[in-house]
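Q: Please take a close look at the salt bridges for me, and at the parts of the chain around them. I would like to know where the partners sit and what surrounds them.

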Amino acid sequence: MRPGLAAEAIRLARVLVRLMPDEPEAAGLLALMLLHHARRAARLDGAGDLVVLEEQDRTLWDAARIAEGVALLDGALRRGRPGPYQVQAAIAACHATAARPEDTDWAQIAVLYTRLAGLVPSPVVELNRAVAVGMSAGPAAGLALLDALRESGALAGYHLLPAARADLLRRLGRTAEAGDAYREAMGLAPTGAERRHLARRLAALE
């Protein structure tokens with residue numbers, strides 16, 4: 001959470017868009033930054049602890065930045081040359097334009113992650129796609145993808161893999177396995193804020 005650094009990155013992205021008006025990926029990058037930065041005020045609570053997307057107070061989101069980001073993205077996509085930044089911005093827009101967590105178009109997000117995986121193959125992209133599938137097609141479908149990713153070893157030591165598995169296992173009612181996965185994620189989490197968040201999830205489970 002370094003708002004000054006984020007503001008400078010956005011300023012530089014605006015310069016890039018002015019210098020490269022015919023490059024849709026420049027606009028996609030700026031749109032992505034704006035859509036993420038729009039949620040900055042809701043990411044931490046009063047104690048400085050992490051607030052996950054589905055629990056954020058959406059009235060704190062910056063509506064003007066969201067509108068600007070969506071407009072930039074729409075203009076970029078009309079050029080018909082979608083790239084990784086535009087696809088990531090489209091995913092961010094799905095989240096930012098949902099009035100409530102339950103309004104999120106997870107099926108569209110899963111499709112977008114599939115497109116992103118084709119552009120920039122990555123196990124982290126596959127992890128996010130699995131989560132989106134779990135939200136749109138049911139936790140069992142998402143868990144199957146996560147378990148395959150786990151068996152591949154591509155994300156060994158990455159705390160968000162067991163954290164995502166824990167959430168899907170919890171949704172399936174497999175509480176003992178979910179608890180083990182939360183503990184694994186806590187042991188790998190790199191920051192105190194993330195460890196405290198996982199500890200709260202584990203406590204709620206227990």
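A: Happy to. A salt bridge here is a side-chain nitrogen of Lys or Arg within 4 Å of a carboxyl oxygen of Asp or Glu. This is a predicted model, so a local feature is reported at pLDDT of at least 70 and a side-chain atom pair at pLDDT 80 or more, while totals for chains, interfaces and linings use all residues. Residues are numbered from 1 along each chain as its sequence is written, and side-chain values use heavy atoms, leaving out hydrogens and water.

By the salt-bridge rule, the count comes to 19. Let us start with Glu-54 and Arg-171, whose closest N and O atoms are 3.7 Å apart. Glu-54 sits in the loop between α2 and α3 and Arg-171 in helix α8, so this pair ties together parts that are 117 residues apart in sequence. The helix names follow DSSP runs, numbered from the N terminus: helices are H or I runs of at least four residues, and strands are E runs of at least two.

How open are the two partners? For relative accessible area, buried means under 20%, exposed over 50%, and partly exposed in between, with a 1.4 Å probe and protein chains only. Glu-54 is partly exposed at 41%, and Arg-171 is partly exposed at 35%.

This pair belongs to a network of salt bridges that links Glu-54, Glu-55, Asp-167, Arg-170, Arg-171 and Arg-201. Asp-167 is in helix α8 and is buried, with a relative accessible area of 14%. Its side chain makes a polar contact with the side chain of Arg-170 at 2.5 Å. A polar contact is a pair of N or O atoms within 3.5 Å; within protein, one must be able to donate a hydrogen and the other to accept it, and residues adjacent in sequence count only if both atoms are side-chain atoms. Not counting residues up to four places away in sequence, Asp-167 touches Tyr-182 and Arg-201, where contact means heavy atoms within 4.5 Å.

Helix α8, residues 160-171, also holds Arg-165. Arg-165 is buried, at 8% relative accessible area. A polar contact of 2.8 Å joins its side chain to that of Asp-147. Beyond its neighbours up to four places away in sequence, Arg-165 touches Leu-143, Leu-146, Asp-147, Arg-150 and Ala-181. Ala-148, for its part, is found in helix α7, residues 139-152, and is partly exposed at 44%.

Now to another salt bridge: Arg-79 pairs with Asp-22, with 3.8 Å between the closest N and O atoms. Arg-79 lies in the loop between α3 and α4 and Asp-22 in the loop between α1 and α2, so the pair ties together parts that are 57 residues apart in sequence. Arg-79 counts as partly exposed at 40%, whereas Asp-22 is exposed at 54%.

A further pair is Arg-100 and Glu-102, whose side chains meet at 3.3 Å, N to O. Arg-100 is partly exposed, with a relative accessible area of 44%, and Glu-102 is exposed, at 54%.

Finally, the nonpolar setting. A nonpolar core is a set of buried Ala, Val, Leu, Ile, Met, Phe, Trp, Tyr and Cys residues joined through side-chain atoms within 4.5 Å. The largest one has 34 residues, of which Leu-30, Leu-35, Ile-91 and Tyr-113 touch the most other members. Helices α1, α2 (24-37), α3 (63-77), α4 (84-96), α5 (106-119) and α6 (123-136) each supply at least two of its residues, and α4 gives the most, with 8. Leaving aside neighbours within four places in sequence, Leu-30 is in contact with Ile-10, Ala-13, Arg-14, Val-17 and Leu-72. Apart from this core lies another, of 19 residues, among them Ala-130, Leu-161, Ala-164 and Ala-181.
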